[in-house]
Amino acid sequence: MTQGELQATMHALVQKGKGILAADESGPTIAKRFKTISVESTEENRRAWRSLLLTTPGLGEFVSGIILHEETLDQATDDGTPLPQCAARQGIVAGIKVDAGKIPLAGAPGDEITQGLDGLAGRLAAYKRQGARFAKWRAVYNVSDTLPGRLALEANAEALARYAAICQEQGIVPIVEPEVLIDGDHTMARCAEVTEAALHEVFHALHRHRVVLEHMLLKPSMVVPGKTHAHQAAPAEVAVQTVRVLRRTVPAAVPSINFLSGGQTPEEATANLDAMNLLGLQPWQLSFSYGRALQEPALQAWKGQAAHARNSQDALLKRARLNGAACRGQYSAAMEAAD
Ligand code: 13P
């Protein structure tokens, strides 16, 4: 039963030309995003924003899944439709962020660990009753000459694998998200080295915890230079370096790799994904699971005002459509100017 359920969710999530919208920002993160448009992070404003995203006409053409915050599962649109139901109506699978955020890793200064495993099975069963079919857990790796250390690589891999195994036991598809942070002035080579080490450790742990690779999604960061590094990389370079690391570490049994945007601009995130899909056939589908890179232009168009909802939804749909094209290697910068 559980295997059939997981397979059905995978089938709905992994579709050519479609990706995932991450709309699961934590309290502090959504407050930071709203601050850029001078909107206060109240429950009502978060409900209004996430209703706007979920009711965007045509979103289901390019988006197969949406990652929600726990709070959103209980919220409804102005006309009283529960938000998970809005997703379902668009043919979009609802998912849920289940980690409880990161804290310093004891004994490893500078490194962090994600918490939230205690009571996870029970929480997942409740989320499932509310309509969630997949989940997300994010591990974070800070980069320097010495970070992340071995302890952080091993502890985060272990937590991701335990989370994924618990999800599958509950009939929930796990998104495994190891994020190598873009912050810092490190080189692209250093990012590649850390990403390879992190992914190697993650798949080793997934194997130990008997996670079925066919029933999970990987959500990694791309291989890029640190944000403040002097040399920024062109999409073709990002594509070659990222795919090389993935081919070395991610088994072919994983059906789809859905990247996070991690602080790239919307245009960069789309161009980089497109460049990867131009490299030819890979063992897995290469798609997106963007938060900022999908929401940012829509958020700036909205500015907290209902009168701007239509423009905001147009901006979201445009990014979704361009990323859908990037999944097929059919994006071009000229498409940014059109409409
Ligand atoms: P970004 O694409 O903004 O990095 O968000 C994706 C996400 O879900 C981070 O956990």
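Of the 13 residues around the ligand, those that come nearest are K136, K219, S261, G262 and R292; a residue counts as near a molecule if one of its heavy atoms lies within 4 Å of it. This is a predicted model, in which local features need pLDDT of at least 70 and side-chain atom pairs count only at pLDDT 80 or more, while totals for chains, interfaces and linings use all residues. Residues are numbered from 1 along each chain as its sequence is written, and side-chain values use heavy atoms, with hydrogens and water left out.

A polar contact is a pair of N or O atoms within 3.5 Å. K136 places a polar side-chain atom 2.6 Å from an oxygen atom of the ligand. G262 uses a polar backbone atom instead, and the distance to a ligand oxygen is 2.7 Å. For G291, a backbone N or O atom lies 2.8 Å from an oxygen atom of the ligand.

Next come the helices. Helices are DSSP runs of H or I with at least four residues, strands are runs of E with at least two, and both are numbered from the N terminus. Two packed helices are described by the angle between their axes and the distance between the axes. The axes are lines fitted to C-alpha atoms, for helices over the stretch in contact, and angles run from 0 to 180 degrees between N-to-C directions. Angles under 35 degrees count as roughly parallel, over 145 as roughly antiparallel, 65 to 115 as roughly perpendicular and the rest as oblique.

Helix 12 (residues 309-327) packs against helix 3 (residues 43-54) at about 55°, with the axes 9 Å apart. That angle makes helix 3 oblique to helix 12. Their crossing is right-handed, meaning that the near helix is turned clockwise from the far one by less than a right angle. Helix 3 contributes W49, L52 and L53 to the contact, and helix 12 contributes A309, S312, Q313 and L316; contact means heavy atoms within 4.5 Å. By class, five of these residues are nonpolar, two are polar and none is charged. Here Ala, Val, Leu, Ile, Met, Phe, Trp, Tyr, Cys and Pro count as nonpolar, Asp, Glu, Lys and Arg as charged, and the others, Gly among them, as polar.

Helix 12 also meets helix 10 (residues 266-277), where the axes come within 7 Å and cross at roughly 20°. These two helices are therefore roughly parallel to each other. The residues in contact include P266 and E267 of helix 10 and R319 and L322 of helix 12. The contact has six nonpolar, three polar and three charged residues.

Helix 7 (residues 150-169) and helix 8 (residues 188-208) pack at about 40°, their axes 8 Å apart, and are therefore oblique to each other.

Two backbone details remain. Most residues other than glycine have a negative phi, and most peptide bonds are trans. The bond from L147 to P148 is cis, with omega near -5°, and P148 lies in the loop between strand 6 (134-141) and helix 7. R210 is not a glycine but has a positive phi of about 60°; R210 sits in the loop between helix 8 and strand 8 (217-218).

Notes. A polar contact is a pair of N or O atoms within 3.5 Å; within protein, one must be able to donate a hydrogen and the other to accept it, and residues adjacent in sequence count only if both atoms are side-chain atoms.
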